[in-house]
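Work through the exercises below with the sequence and the model open. Each task is followed by a solution in steps.

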Amino acid sequence: MIEIVLVLAVPVVGATTLGALGDRPYAATINAATGLCTLLAAIALTAHVVAHGPLLALGDQFLVDPFNVFLVALTALVGFTTAVFSRGYMTIEEQRGRVTLGRLRLYHAMFQLFMFTMLLALLTNNVGILWVAMEAATLTTVLLVSLYRTPASLEAAWKYFILCGVGIAQALFGTILLYFAAEKVLGAGGGALLWTKLQSVRAGLEPTVLSLAFVFLLVGYGTKVGLVPLHNWLPDAHAEGPSPVSAVLSGLLLNVALYAVVRCKILVDGALPGAFAQNLLIGFGLLSVVVAAFLLLRQKDIKRLFAYSSIEHMGIVTFAFGIGGPIANFAGLLHMTVHSLTKSAIFFTAGHAAQKTGTHIMDDIRGLITISPIVGWGLALGALAILGMPPFGVFASEFLVLTTAMREQPWATPFLLAALGVGFAAIFSKVQPMIFGETTDARLPARPAMLPVFIHLALVLMLGLWIPPFLADWYRAAARLIG
Amino acid sequence: MISTTPVGFQLINLFAAILLLLAFAMLAQRRVVSLIDLFVAQGFVLALSTAVVAYTTNQPHLYQSTALTLVLKVALLPWILHRLVRKLDVRWEFEGLINIPTTMLIGIVLVVFSFNLALPISQLASTVTRSTLGIALASIMLSFLMMITRRKAIPQVIGFLSMENGLFFAATSATYGMPMVVELGVALDVLVGMLILGVFFFQIREQFDSLDLAHFENVRDQPPR
């Protein structure tokens, strides 16, 4: 129980401290240290859950089960490595005059608050608080996306705020409907919104209301996942914010939103006859994969390219959870993990590549491997990993999704394969000339922070070759939970 | 549990009707200052109807919601909005994307759609206020429409806030309000969101010399940095 409090309290304390001291030279170190403490607390929590099983704490308001504990650990890990990366990255940005010290203070404080909101969304047992935390996550990142105050970044932040605000309002209506259905069975009051309580009475919930609630919740949280056709905000927000923000948006926020969707799906599966939720998830997932793959071909900006790739991969995960069953769920969870690690590593590298060449336009980025072998290799390996090349972990999860799809939903397999092929061609043909090719660009004013990139890629490689037994057990337990 | 008087019941229906009218009025209003006044009126009617529901159905926690609505939506948010309008000096709004009569017609279609959507739920509800669920959904949809059709930043935000009012009304009419901890959290989010937007407006203004979002459409066409 103390671990839950620590996991949530450390980012808040960090945010408060950084709100006061965020413009000092050592602020980036405090930020990284806060990330490290959060990670340690998350590891302690994980160890506790592994040893003692699922945990309900603080008057049933917090829930830790196999499904969310690995996401908490992943969120804390990527949060920490992003803070380490942003230490080097933001120093260079400041020396290039793109951010002032005052804005760095805002950046550091908001970064930690954002971590807090995501961890709260994962740990809370209350559907209403989940909504509050998701909305707060949007609010904290609006000012991060517009950090550079360029016209394009302001537009991106505005679009992000309005579209996600509207989307999340749908989710609130869904939450109200869910409460309406639950209140009849569980009585009024806070208890009727707890996942654990809802879970135990899910068969008794009114099917009409529940299906309507699920549609609203799916549209609402699906907007944040970036499911097509609700994805419009995502490429802009990812492209215009600073790279560490793109990394956490893509690597963490999308996962947390998808977590909310899957929790709702678990409820609906138990209450509705037929495959209502599954079919919706399969449809949205497949549409996202296919549309995003074709949009990849048209991209010119390196961060937009990988933002569309995030939509594609979220589509794959949604599709996997839509199929359901132990293997597809296992694949979905694995894919969430490896996508999060790989994509944040790619955004780190893309950030440094853009700093080196002074542009996000892929046609102008050339010869990374000659100006900075480490950035060049980082991008090359990251791109290979995200494209699903063996032996990286993305290959393992995509392979599992495809083989299950062939058995359960054979009609969908050609679409998936075609989309993956198109995505492969698009990304590979654009990344290859950026890495090789001629260039005359100068060196960076400070050393690139590439360590997090290689840590992430090493983890993804490991997950492709060997999944540690405790992690496999989690995935299996979580997959059973999702059903 | 249901010990409502016919008067209370009538009052709730009356307030619901007024809310729907106000939603249409906001849709038709072009002046920013009047739009804020309409938003105040909406918040006030919402608070009144919540209080009546609290009284007639004997739900004490709804009085807290009433107080929250009064403080947040009738006092604090309009005050912030008025301050912003004065500081940014944006009094007028011109044509939206679609002209007003067309918007109203689309609005009517939305209301019919909402009533149909809410019908199966209303029949299941045991609350005295169930007939107003359709109206709540309709005001959410109308605010949504307002956000889509307006071009300027502040009317879009007022649309967003009035959508939140509609959601709140839906919560009261379907279930006698959400649990208090959730309501407080939602209120906190709305308030923080408003403050962040206040900062954000000045950033937009600094960059574009205006809060007209039509500028945004040009940004994409410029050669990137």
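Predicted model: local features only at pLDDT ≥ 70, side-chain atom pairs only at ≥ 80, totals over all residues.

**Exercise 1.** Describe the secondary structure of chain B and how much of the chain is buried.

Solution. Begin with the count: chain B has 8 helices and 0 strands. Along the sequence this reads α-α-α-α-α-α-α-α. Next, take burial: 46% of the 225 residues of chain B are buried. Finally, take the contacts in chain B with a separation of 6 or more: 75% of them join residues 24 or more positions apart.

**Exercise 2.** Check the span of helix H4 (residues 100–124) of chain B against its number of residues, and locate its kink.

Solution. H4(B) has 25 residues, so at 1.5 Å a residue it should span 36 Å. The C-alpha atoms at its ends are 36 Å apart, which agrees. The kink, of about 40°, is at Ala118(B), shortly before Pro120(B).

**Exercise 3.** Which residues of H4(B) are buried, and which helices do they pack against?

Solution. The buried residues are Thr103(B), Gly107(B), Leu110(B), Val111(B), Ser114(B), Ala118(B) and Ile121(B). In chain B they pack against H1 (6–28), H5 (133–149) and H6 (153–175). From chain A, helix H8 (207–225) is also a partner.

**Exercise 4.** Describe the side of chain A that touches chain B.

Solution. The contact takes 38 residues from chain A and 36 residues from chain B. On the chain A side, the elements giving two or more residues are H5 (127–145), H6 (151–186) and H8 of chain A. H6(A) gives the largest share, 16 residues. By type, the chain A side holds 24 nonpolar, 8 polar and 6 charged residues.

Definitions and conventions: Residues numbered from 1 in each chain as written. Chains lettered and ligands numbered in written order. Helix = DSSP H or I, 4+ residues; strand = E, 2+ residues; numbered from the N terminus. Expected span 1.5 Å × (residues − 1). Bend = angle between axes of the 7 residues up to and from the residue. Buried ≥ 20, exposed ≤ 12 C-beta atoms within 10 Å, placed from the backbone. Contact = placed C-beta atoms within 7 Å. Nonpolar A, V, L, I, M, F, W, Y, C, P; charged D, E, K, R; others polar.
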